[in-house]
Amino acid sequence: MQGLHLTADLYQCACDDALMLDAQAIAALCRRQTEDAGLTRVDDRWVQFPAWQGQPGGVTGTVLLAESHLAIHTWPETGNVTIDVYVCNFSADNSGKAQALMDGVVAAYAPRNAVRQQLWRGDIATDGVGQYPWVMEQLSPDAAFGFRADNVQRRQTPYQTLEMMDTAHFGRVMRLDNCFMTSERDEFFYHECMAHPAAIAHPAPRQALILGGGDGGLAEELLKHNTLERVVLAELDEAVIRASQAELQAVHRNVWSDPRLQVRIGDGMALIATTTERFDLLVLDLTDPDTPAGSLYAPPALQRMRQVLAPGGALVLHLGSPVFHPQQVQRLVRSLHGVFPQVRCYGVYVPLYGAYWGMAVWAPTAAQVRERLQARGVGDLQYYNPEVHGALFALPNYYAQLVAPA
């Protein structure tokens, strides 16, 4: 027997009082979320606790599912809630439905902080019989990529769902809102190719700004260039930095102790909009354009970003996969052409993302890559080198046609 067990501890919930005090309101919420998740309600039972010492009583209850159960308990005196969802995966994989049910109930309670845990229960077979604990990312409506993961730790930050997990192939992995972000063992595919093509193309980059990049991997790569005097890392979600510092040392390599790195917690676009500083390198290390970060890829934001670049400066960003996100890639590149006079697209296969990944840079063509790497003391690279630099910009025909100027 196999199944997925989810728990959530919610703190300082900002929901309507009825969802803390009224058994019928809570029952209605849970029934609705169960139906929306595609699970089957068999029955439900609810208990309203009496007031005690002047404090209102909470509610406890269970929704009995054909797949197993949902349980909930409220503490109105503290604004806290505990939730428990278990689904059996014997006849079908109900894991996605369980996640959807949990996500819906948690969102309704609007907690200031949430601690979420995930446990795969039952036997894990190696002979094709039984079910593996897979984590998946939806690459498109018709395709997904995933792998086995253990010790999955899931919690809600003020901005997104953050997961840390252990995997056989990638080591420790971080995922945000069900999208794989970085891993201990393959981070260099992405970080080296985001950092070095633009940095090496600039004759002497001194000031760099990273929007996002809370795992520290991109800052660590940029600071390999001894010309850089300062890197500003503007990360909205401090929880990403804290989790990465604690669990992804192989990614950031303690870059946080480098005095040239300045961390600013807050809205990166607000920084862009108000700063009078000029940067030689500006790197968008954000979640995908179809996430809440989408506004930072829009033409007005790109126009403002151009204004904070010093003469000869370079903007670097990822585009998504030309294979799975062709319309997105094409749209972003057209936006870039509308703002910047020179746009060069390139790409690299990123194992953690399960796809060939597109990137773009506004920068002059690099000259004498090998000499600049040596002159700046850039070493300890696992992917990028002078030969790879040229290969990154050698686009397959389908990609070149996709990003050709209209």
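Visitor: Before the helices, what are the axes and angles taken from?
Guide: Axes are lines fitted to C-alpha atoms, for helices over the stretch in contact, and angles run from 0 to 180 degrees between N-to-C directions. The model here is a predicted one.

Visitor: Fine. At what angle do α2 and α3 pack, and how far apart are their axes?
Guide: The angle is about 145°, and the axes are 9 Å apart. Helix α2 covers residues 23-37 and helix α3 covers residues 95-109.

Visitor: Is that crossing left-handed or right-handed?
Guide: The α2 and α3 crossing is right-handed.

Visitor: Which residues make the contact?
Guide: On the α2 side they are Ile26, Leu29, Gln33, Thr34 and Ala37. Helix α3 contributes Lys97, Ala100, Leu101, Gly104, Val105, Ala108 and Tyr109.

Visitor: And how do they divide into nonpolar, polar and charged?
Guide: The contact of α2 with α3 has 8 nonpolar residues, 3 polar and 1 charged.

Visitor: Which other residue has a positive phi without being glycine?
Guide: Ser68 is one, with phi near 160°. Ser68 belongs to strand β4, residues 68-75, and is partly exposed at 22% relative accessibility.

Visitor: Back to the loops. Where is Ala14, and is it buried or exposed?
Guide: Ala14 sits in the loop between β1 (2-13) and α1 (18-21). Its relative accessible area is 62%, so Ala14 is exposed.

Visitor: What about Pro111, where is that?
Guide: Pro111 is in strand β6, residues 111-122. Pro111 touches Leu10, Tyr11, Gln12, Cys13 and Val106, leaving out residues up to four places away in sequence. From Pro111 to Cys15 the C-alpha distance is 7.8 Å, although the two are 96 residues apart in sequence.

Visitor: Switching to rings. How many aromatic pairs are there?
Guide: The structure holds 10 aromatic pairs. In one of them, the rings of Phe145 and Phe180 have centres 6.5 Å apart and planes at 85°, so that pair is edge-to-face.

Visitor: Why does that pair tie together parts that are apart in sequence?
Guide: Phe145 is in strand β8 (residues 143-148) and Phe180 is in strand β12 (residues 179-183), so the pair ties together parts 35 residues apart in sequence.

Visitor: Is Phe180 buried or exposed, and which residues form its aromatic cluster?
Guide: Phe180 is buried, with a relative accessible area of 2%. The cluster is formed by Phe145, Phe147, Phe170 and Phe180.

Visitor: Which charged end sits over the ring of Phe393?
Guide: That of Arg344, 4.2 Å from the ring centre.

Visitor: Last one. Where is His196, and what does it touch?
Guide: His196 is in helix α4, residues 187-201. Not counting residues up to four places away in sequence, His196 touches Glu221, Lys224, His225, Val378, Leu381 and Tyr384.

Visitor: Does His196 count as buried or exposed?
Guide: His196 counts as buried, at 0% relative accessibility.

How values were computed: Residues numbered from 1 in each chain as written. Predicted model: local features only at pLDDT ≥ 70, side-chain atom pairs only at ≥ 80, totals over all residues. Heavy atoms only, no water. Phe/Tyr/Trp six-rings, centres within 6.5 Å; stacked < 30°, edge-to-face > 60°. Helix = DSSP H or I, 4+ residues; strand = E, 2+ residues; numbered from the N terminus. Buried < 20%, exposed > 50% of the residue type's maximum accessible area, 1.4 Å probe, protein only. Lys NZ or Arg CZ within 6 Å of the ring centre and 35° of its normal. Left-handed = near helix turned anticlockwise from the far one by under 90°. Contact = heavy atoms within 4.5 Å. Nonpolar A, V, L, I, M, F, W, Y, C, P; charged D, E, K, R; others polar.
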